Amino acid sequence: MTTLKKILLLSVCLLGALPAKGDNLLIWAPVRVSEHSYKATMGFRLPFEWETSAGADLALASTDGEAIQPGSEQATFWGKITKARVTPAGKAQQDASLRIDTLRGSGSLMLSRSRSFILSDSLDLQTSRAVSVGYAAVETRQTSVTATQALKLIYPWTGTSISAGSSVTDFGKDFSSSVGVSQTVLPNLNLNASVTDPLSSGRSASVNVNYRVSW
């Protein structure tokens, strides 16, 4: 067992054995996923004008003989800054997030902006835009840039929403779009339908029903 794997095993086991604590400045969520696998998210949060948070995700799984399962280790560092502004007419939010997988040599950087508006007594509007840059050492295309944008019209009194979105990867090499509709049937029951790439011959459609239970 390598030194790094030993450190991961010790860190995750110690975190899993401790009780989960949390306050406004501490991010600490150890989880025992199964009998032989553990996961922990730890970090901190600073409540500035730009809310800043950073930390690490650690995870691993072992066999019955306590040997670490190959490929189960995770040691990802992450960071995020967020600025939100709320007014009686809506909300605007800007985010920048970074993730680095220290074991596999990959990472991503995302910049996003979203806004929501109250257009009228019966109609709300949500818009979002994002740009992400990713690097994966083992992929043929190691570096990729993806831009996405989405728009959603919401009719709050009827529980109906109509959405449309698109994404472009590597400045036009890959393009996709989608349209969808969602309808609240019951307080915990939603019906969703969407079509991907509706203007192409390879378009596909999906319909699903979601039921949510809280206890």
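Before the close-ups, one term: two strands pair if DSSP finds at least two bridges between them. Strands themselves are DSSP runs of E with at least two residues, numbered from the N terminus. This is a predicted model, so local features need pLDDT of at least 70 and side-chain atom pairs count only at pLDDT 80 or more, while totals for chains, interfaces and linings use all residues. Residues are numbered from 1 along each chain as its sequence is written, and side-chain values use heavy atoms, with hydrogens and water left out.

**View 1. Strands S1 and S2 sit side by side in a hairpin.** Look for S1 at residues 26–34 and S2 at residues 37–46: they pair in the antiparallel sense, with 8 bridges. To get your bearings, find Val31, which stands opposite Lys39 in S2.

**View 2. Here's the largest pocket and what lines it.** A pocket is an open set of points on a 1 Å grid over the protein atoms alone, where a 1.4 Å probe fits, with protein on both sides within 12 Å along at least five of seven lines; lining residues have an atom within 4 Å of a point. The space in this one comes to about 150 Å³, counted as what is filled by probe spheres set on the points, which are joined across faces, edges and corners. Its lining is made of Arg113, Ser114, Arg115, Thr127, Ser128, Arg129, Gln149, Ala150 and Leu151. Strands S6 (106–120), S7 (123–135) and S8 (143–155) each give two or more of the lining residues.

**View 3. Seven side chains make a nonpolar surface patch.** They belong to Phe77, Leu98, Ile100, Leu109, Leu111, Val131 and Val133, and the patch covers about 580 Å². Strands S5 (90–101), S6 and S7 each supply two or more of these residues; Leu98, for one, lies in S5. To join a patch like this, residues need over 30% relative accessible area and no salt bridge, with nonpolar side chains within 5 Å. Areas come from the Shrake-Rupley method with a 1.4 Å probe, and a salt bridge is a side-chain nitrogen of Lys or Arg within 4 Å of a carboxyl oxygen of Asp or Glu.

**View 4. S10 pairs with S9 and also with S11.** S9 (residues 160–169) and S10 (residues 174–186) run antiparallel, joined by 10 bridges, and Ser161 has Ser182 as its bridge partner. In their hairpin, with 4 residues between the strands, Asp170 takes a positive phi near 55°. S10 also pairs with S11 (residues 189–196) in the antiparallel sense, over 8 bridges, and 2 residues lie between S10 and S11 in that hairpin.

Technical notes
Patch = residues over 30% accessible without salt bridge, like charges linked within 9 Å, V, L, I, M, F, W, Y side chains within 5 Å.
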